[in-house]
Amino acid sequence: MKQPYTPRPNSNRKFVGGYRPRIDAWEKARGKVEYVDDITLLKKFPGMLYAKVLRSPHAHARIKDIDVSKAEKLPGVVSIMTYKDPEFTSLRPTNAGWTDGVDTVSYDGKMWSEFNDRRVLGDYACWVTDEVGAVVAAESEEIADEALRLIEVDWEVLPFVLDPIEAMKPGAPLIHPEMTKTNVLPPEKMGGDDVFLDKGDVEAGFDQAEVVLDATSVHHNATQASLDNWCCLVDWTDEKLTLYSNSFEADQSRMHISQMLNLPMHKVTVISSYVGGQFGRGDTGEQPFFLFTAILSKKTGRPVKFKHTRRESFHDSRQPSIYYGKVGAQKDGTITSLYFKSIGNTGAYADHSIFALKFAPLEISEVSFAHIPNVKLESYAVYTNKLPACMMRGVGNSQFNLIFGHIVDLLAEKLDMDPIDLCIKNFGHEWETLPDKSLTEVLKQGAQKIGWKEKRNKPGQGPTYDKTKKRGVGFSLHPAWHAEWQEVRRGHIPISIALNPDGTVILDAPTVETGTGSNTCNVLGCAESLNFLGVTPEKILWNHVVNTDTSLKDCVQTDSSVAYLQSEVIAVAVEEIRREVLERAEPIFKVKSEEMDIVDGRIFVRANPDQSQTVKEVLFQGDLVPIVITKSKLANAQKTGVPYFANFAEVEVDTDTGKVDVLHLVVINDCGTVMFASGAEAQQVGGQVMGLGETLTEEIIYDEITGVPLNFNFIDYKIPTMADMPEIDPILLEIWKGAGEYGACGIGEGTLTCTPRAIMNAIYNAIGVRINDIPIKPEKILRALGKV
């Protein structure tokens, strides 16, 4: 990364959009920030026990019987509970769609409510490491682990299936026979038809097209690889249940616990502090371990802590998808028809497969394919005995971009067009005529930075370096994820601002900070709005602990939404602060509030500017009660479209070894308004670690004979290191603008979405053969070149 790229501002801002340290940087650097492991210590919770859960060694099995007698005799074991205990048999089944990290809903109102395919500690296992059978509470983790080894289980081992294509065939082992007659999730229970968008007449469009091409791409499952393993501590007393967790969904978790355990909401407290990385891992607030940890706490009368091991942290993944795409166009590059079909490997549980396979592609189509007359989208979610596919950063977008960027590159080559020109000619949202201003500028900036015109050659025909190495460039584009109008379903977004008499501010804009810097966005937005009072970011205290007893409802940090939702509410709340400050000045200046103004922390009479006092002087003349404004508002539903982003890549491929080196990545995001430039660039750069890993190295490997995952660790699951990362240039733009004071959009979710396809297109440009199955390991390159 070279010098920071300074965005061109939509308007002059004093604090928003600048480069500065995060508001928690100093505390984090000194080790003063408390994460869940810092909070849930034995010295803070005397008598704390440690929970462990039995996990299935089989890909598909049912417990016929269980014997815990030997484990119960182990010194240090306090309690062992099994699936036979009434505390568990009485629990309703659930699913990971209780909340998608956005909605706080009831049991019957949760997403995919027809697919309650998860039991909390049942007797039926759908994948290796599934939580079944028994839970242990002991005086130490080591004792709890030993107790699990002493439990004797009589298993009925069942046939299993790992491949979604095989799982769709008649006679395949059924994963959830109580739910479905086949392993394909019924569309009527998962949000409508398998064909979920059918605009125009796609087949007629293909018949009339002068050029028709099709392609396939395969996106394997990757995992979030968060360093901060999931953890919770539950202290369930006669008075109430208190949960400490590094889940970033406090209110959603409280709702789930309340309804599943039949507790009134005021008897459930959820407390969350900072989270050390998330990446979609915690987007389901109803994980079963919250519940069995709570039940153990009630049973023992002591606080109980549960934490995933590194192996157990591989508990959900990116939705693996096989995508088929087809495009029809005229010879001048006008696209007339698009068709996409996906088959998603849902894994053991339905979770949010349909979110990835239907919800995300539908939104992408709405804002990118509006000017294409014929579009058809079709998806199938398929149960297998693999790791459940749930939420991961870029959910649904990364998979779709892999095929979208593929057919764009194919079509441009067939038409002998620059793919940049092809994209500008065709893609844009329905609220703007083509060419789309945002897309045009994003691609222009990226092409200039990567050296597109100078470095792009005919595929495989560029110069050779060091006898065996070929270089190429490629790109991919995508609509941003998300703008304010796409978050209406979140409901009311509340915030509270307390202005103290001395001019300092306490901001209650509750969100669990996951490391993205959204808390800084809130503080900068607050300082910007309160600038007329002379408030600076240093004068604002942001409450970082979300406590459902004392905090407002939290705004969950998905889709980078905190940066553009809470800031808009803050701007509205500040207008009420202005009014109250002026009303308090009325008896002092003996004029009506509308006759006064406030600039740079000074109140004055417009007709006589010399008649003035500082805000502090005015507020100290009263009763010294802070001005507290609590404001809640719905997201602005005005449809403003979305901006675009793109990634450009330059690669070097060794044709003797198959090794791919990414030399340069350019990441361009149109943000609407850049709320916090340092944080935004950190998102752009950091996202490339995940994007590069998914493209070249990250893949969960299974033993096809046993169904056992083989690399649930950070040694064999290959995550890029600093030594693997190329030069990265982040570029922030402000072309598009949404509704509201700032009109910002999210970028964190999408910074990695285009990386795989950009690299894959660059590899094709370098060697002249395509590999469309990620990760692209050296053996795939050599196979494509006919060398193995």
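User: Which residues in H18 meet H19?

Analyst: This is a predicted model. H18 covers residues 677–696 and H19 covers residues 755–767. On the H19 side, the contact holds Thr755, Pro756, Ile759 and Met760. The H18 residues that meet them are Gln688, Gly691, Leu692 and Thr695.

User: How do the residues of that contact divide into nonpolar, polar and charged?

Analyst: Gly counts as polar here, and Met and Pro count as nonpolar. With that in mind, the contact of H18 with H19 divides into four nonpolar, four polar and no charged residues.

User: What is the angle between H18 and H19, and is the pair oblique or parallel?

Analyst: Two packed helices are described by the angle between their axes and the distance between the axes. For H18 and H19, the axes are 8 Å apart and the angle is about 50 degrees. Roughly parallel would need an angle under 35 degrees, and roughly perpendicular starts at 65. Therefore H18 packs against H19 at about 50 degrees, and the pair is oblique.

User: At what angle do H10 and H11 cross?

Analyst: H10 spans residues 353–368, and H11 spans residues 397–415. Their axes come within 9 Å. H10 is oblique to H11, and their crossing is right-handed. The angle is roughly 60 degrees.

User: Which residues of H11 meet H10, and how many charged residues does the contact have?

Analyst: From H10 come Ala356, Ala360, Pro361 and Ile364. They meet Asn397, Gln399 and Phe400 in H11. By class, the contact has five nonpolar and two polar residues. The number of charged residues is none.

User: Is Val408 buried or exposed?

Analyst: Val408 is found in helix H11. Leaving out residues up to four places away in sequence, Val408 touches Leu422, Cys423 and Phe427. Its relative accessible area is 8%. Buried means under 20%, so Val408 is buried.

User: How far apart in space are Val408 and Glu312?

Analyst: In sequence, Val408 and Glu312 are 96 residues apart. The distance in space runs from C-alpha to C-alpha. It is 39 Å.

User: Where is Ala209, and which residues is it in contact with beyond its neighbours within four places in sequence?

Analyst: Ala209 sits in the loop between helix H7 (202–208) and strand S8 (211–219). Its relative accessibility is 14%, so Ala209 counts as buried. Setting aside neighbours within four places in sequence, Ala209 is in contact with Gly328, Ala329, Gln330 and Thr336.

User: What separates Ala209 from Gly658 in space?

Analyst: Along the sequence, Ala209 and Gly658 are 449 residues apart. From C-alpha to C-alpha, the separation in space is 38 Å.

User: What is phi of Ala225, and what is phi of Lys467?

Analyst: Ala225 is in the loop between S8 and strand S9 (231–236). Lys467 is in the loop between strand S16 (464–465) and strand S17 (469–479). Neither residue is a glycine, yet phi is positive in both. Phi is near 55 degrees for Ala225 and about 75 degrees for Lys467.

User: Is Lys467 buried or exposed?

Analyst: Exposed means over 50% relative accessible area. Lys467 has 81% relative accessibility, so Lys467 counts as exposed.

User: How many helices and strands are in the protein chain, and what is its radius of gyration?

Analyst: The protein chain has 20 helices and 29 strands. For 788 residues the globule rule gives 28 Å, and the chain comes close to that, so it is as compact as a globular protein of that length. The radius of gyration is 28 Å.

User: What share of the residues of the protein chain count as buried?

Analyst: The C-alpha trace spans about 85 × 75 × 50 Å along its principal axes. Among contacts between residues at least 6 apart in sequence, 80% join residues at least 24 apart. Of the 788 residues, the buried share is 62%.

How values were computed
Residues numbered from 1 in each chain as written. Predicted model: local features only at pLDDT ≥ 70, side-chain atom pairs only at ≥ 80, totals over all residues. Heavy atoms only, no water. Axes fitted to C-alpha atoms, helices over the stretch in contact; angles between N-to-C directions. Helix = DSSP H or I, 4+ residues; strand = E, 2+ residues; numbered from the N terminus. Parallel < 35°, antiparallel > 145°, perpendicular 65-115°, else oblique. Left-handed = near helix turned anticlockwise from the far one by under 90°. Contact = heavy atoms within 4.5 Å. Buried < 20%, exposed > 50% of the residue type's maximum accessible area, 1.4 Å probe, protein only. Rg over C-alpha atoms; globule rule 2.2 N^0.38 Å.
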